[in-house]
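Biologist: I am new to this structure. Can you show me how to read its features, one at a time?

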Amino acid sequence: MVESSSSLPPLCEKISYKNYFLRAVDLTILGLLFSLLLHRYRILLVKQSDNVWVVAFLCESFFTFVWLLITCIKWSPAEYKSYPDRLDERVHDLPSVDMFLTTADPVREPPILVVNTVLSLLAVNYPANKLACYVSDDGCSPLTYFSLKEASKFAKIWVPFCKKNNVRVRAPFRYFLNHPAATESSEFSKDWDMVKWEYEKLCRKVEDVTGDSHLLDADDDFKAFSNAKRNDHSTIVKVVWENKAGVGDKEEVPHFVYISREKRPNYLHNYKAGAMNFLVRVSGLMTNAPYMLNVDCDMYVNEADVVRQAMCIFLQNSILNSKSCAFVQFPQDFYDSNADELTVLQSYVGRGIAGIQGPTYAGSGCFHTRRVMYGISLDDLGDDGSLSSVATRNLAREFGNSKEMVTSVVNALQRKPNPQHSSLTDSLEAAQEVGHCHYENQTSWGKTIGWLYGSTTEDVHTGLGIHSRGWTSSYISPDPPAFLGAMPPGGPEAMVQQRRWAAGMLEILFNKRSPLIGTFFRKLRFRQSLAYLYILTWGLRSIPELFYCLLPAYCLLHNTALFPKGVYLGIIVTLVGIHCLYTLWEFMSLGFSVQSWFISQSFWRIKSTCSWLFSILDIILQFLGISENVFIVTKKTMPETRSESGSRKSQQEGDFPNQDCGKFEFDGSLYFLPGTFIVLVTLAALVGCSVGPQRLSHSHRGNSSGMAEACGCVLVVVLFLPFLKGMFEKGKYGIPLSTLSKAAFLAVLFVVFSFGKLV
């Protein structure tokens, strides 16, 4: 029950930001870009045969289009501020929440990392009888299951300790970095030592089993894993811990369930989206909470009141009789310094999108409404939030042939709890049934219900589907951050992740749920469609970025002008200067350093010209039916840190310098071929200019001295500085000889082509 008296303070409020100065800067940059295009177009009318200028005009047109999208997105930023301390006086019976965590590979996603995230979820400040934690293991690993069983035992110590002492950081591997303060009581210090010793014992057990998995063979609880292979095994559902007390005492530990859906060779399992839908079905059968939280296995809870903060949004909407909020998204923050660019992007572009129809679904740190995930739209709801008869038809056909599942869906849609079972184990048989490979055949799972299929970026795809049905979403960015994780370091892992993201975005752009269609034929707001268009076209930017990086070198080698003297050159210099100062201010206003800004600018050029480029190839091959886009699990790590961070700034930058910060890792993959090629070509052009300086001052065609093109080449080399350093480094920070050889061969061809054109 929610107290709806208007005399009580609100549970949350929407904060809108209007910075007219930033709007003016955005419009100034946009005006300069249009002036640049107009000036180049006028010259093109005279020089119709100049292919270099045609390419430059097309690239600059694309950059102008992207900045137009950014200006529209950032025009009216907003976010929500919640007041969880007011929740108890307004709400007499808090709603239940099912918490989902997915993992798929015990090697790339270490079980001890999963354990820490699970422990942080189990220990949140919320009644334990209102919570249930479900872990999906797509790797069907007995090691992961063993780790979770041991974690459930430690949770009986950890959860009461956290709630008794109001511990803020509830992931043990972060909490135990610092010793208790000298002012703490002897009782607390004794408890702290005991809990830490138990955690270290847990870690040793996991390490021992990791080194020798045969230790599990004697346990009958692991028989289900005996003949299981990662891609060939039956459904496994195990209740790791059941909270039978169910009164919400601080000593209680929430329900804890392990699941692994059936997998068979040559059967499409739809990657993470398929695992999430299995989580929805199993949780619907067992606890059927009206709200669902999903987190990645490395994104631990950093703010113990995070569930209460999200409930403030949903319950305030209930008080105001507003049913339009489908999900509440928290930003993805990180405890290392590899994600400064993403943090800035979320702070400015993310808040801008939040001020339109709501933030996009980011795949982790998001609270969903179960009814919305079951495919209903705003038109299906009456004024009181009840469903019309249209929304409850053909449930067996849409949700599958499990009678228990259909009953659970009806209860969820009508906002009724499931009938009380004597135990969660009563639902095990039905849970096994909904995990079969064939269960989703001829149903609406992945089409209009649950997490949507058809893209390796299932988060953006699902969020777009929700917004296209008319729903809104809310954005909360608390300080300290609600969730913290780790980003892969700059190198092969980051390239794989960026390629997967870009390819997944392009899959959505060209399918039937494209935002271009959603605006005209669905209920996606126009500016929201522009926001999705900005995100989904990331992969397409690789082509103009690649060409624009090569144009200055080509023009020097070809002895032609890219930046002629006069007004055009002035526009270019002004545009670059304003953009650099603007982006630098964005970074520094969030507490980041100039070095962080430079590294982020460099990595943006690298990922756009290297990683995103291969996403276009992936989509072309997929459309031709030659290959399918594959979901590759990003390797997760637990980097050592020496200080527990408190504020957002310290968590982003770290209190201690990292000697490897800003260094780029290389391997022999093709991801690093374009960047190496760009650097070699640009260096060749600069060397050619230095050897023959008369070409700069006397022979350059196109009303230009060539100095502007040379400066452009220097800027390119600076932006690709990690590749220049990599040519002289060894080990993982050095570019392999095979990549250098291939890039050198391509660079020679490019130089010959450029001089050949000149001759």
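Modeller: Remember that this is a predicted model. The structure holds zero of them.

Biologist: What is a disulfide?

Modeller: A disulfide is a covalent bond joining the sulfur atoms of two cysteines. Take cysteine 711. The closest cysteine sulfur belongs to cysteine 713 and is 9.3 Å away, too far for a bond.

Biologist: Is cysteine 711 buried or partly exposed? And what about cysteine 297?

Modeller: Cysteine 711 has a relative accessible area of 47%, so it counts as partly exposed. Cysteine 297 has 1% relative accessibility, so it is buried.

Biologist: Now the aromatic rings. How is a pair of them described?

Modeller: By the distance of the centres and the angle of the planes. This structure holds 51 aromatic pairs. In one of them, tyrosine 300 and tyrosine 335, the ring centres are 5.9 Å apart and the planes are at 35°, so this pair is tilted.

Biologist: Where in the chain do tyrosine 300 and tyrosine 335 lie?

Modeller: Tyrosine 300 is in strand β8, and tyrosine 335 is in the loop between β10 and α10.

Biologist: Which residues form an aromatic cluster?

Modeller: One cluster includes Phe154, Trp158, Phe161 and Tyr175. Phe176, Phe188, Trp192 and Tyr199 also belong to that cluster.

Biologist: Which charged ends sit over a ring?

Modeller: Here are two cases. The charged end of arginine 40 sits over the ring of tryptophan 53, 4.4 Å from the ring centre. That of arginine 86 sits over the ring of tyrosine 83, 3.9 Å from the centre.

Biologist: Next, the sheets. What is the order of the eight strands?

Modeller: Read across the open sheet: β5-β6-β4-β3-β7-β11-β9-β12, with mixed pairing. β5 and β12 stand at the edges, each with a single partner strand, so one side of each has no neighbour in the sheet. From one strand to the next, the twist averages 20°.

Biologist: How do β3 and β7 pair?

Modeller: In the parallel sense, over six bridges. Valine 97 stands opposite tyrosine 291 in β7. Helix α5 packs on this sheet, touching β3, β4, β5 and β6. Helix α8 packs on the sheet too, and its direction makes about 145° with that of β3.

Biologist: What order do the strands take in the three-strand sheet?

Modeller: The order is β8-β13-β10, again an open sheet with mixed pairing. β8 and β10 are the edge strands. β10 and β13 pair in the parallel sense over two bridges. Aspartate 333 has leucine 484 in β13 as its bridge partner.

Notes
Residues numbered from 1 in each chain as written. Predicted model: local features only at pLDDT ≥ 70, side-chain atom pairs only at ≥ 80, totals over all residues. Heavy atoms only, no water. Phe/Tyr/Trp six-rings, centres within 6.5 Å; stacked < 30°, edge-to-face > 60°. Helix = DSSP H or I, 4+ residues; strand = E, 2+ residues; numbered from the N terminus. Lys NZ or Arg CZ within 6 Å of the ring centre and 35° of its normal. Pairing = 2+ DSSP bridges. Disulfide = S-S within 2.5 Å. Buried < 20%, exposed > 50% of the residue type's maximum accessible area, 1.4 Å probe, protein only. Axes fitted to C-alpha atoms, helices over the stretch in contact; angles between N-to-C directions. Contact = heavy atoms within 4.5 Å.
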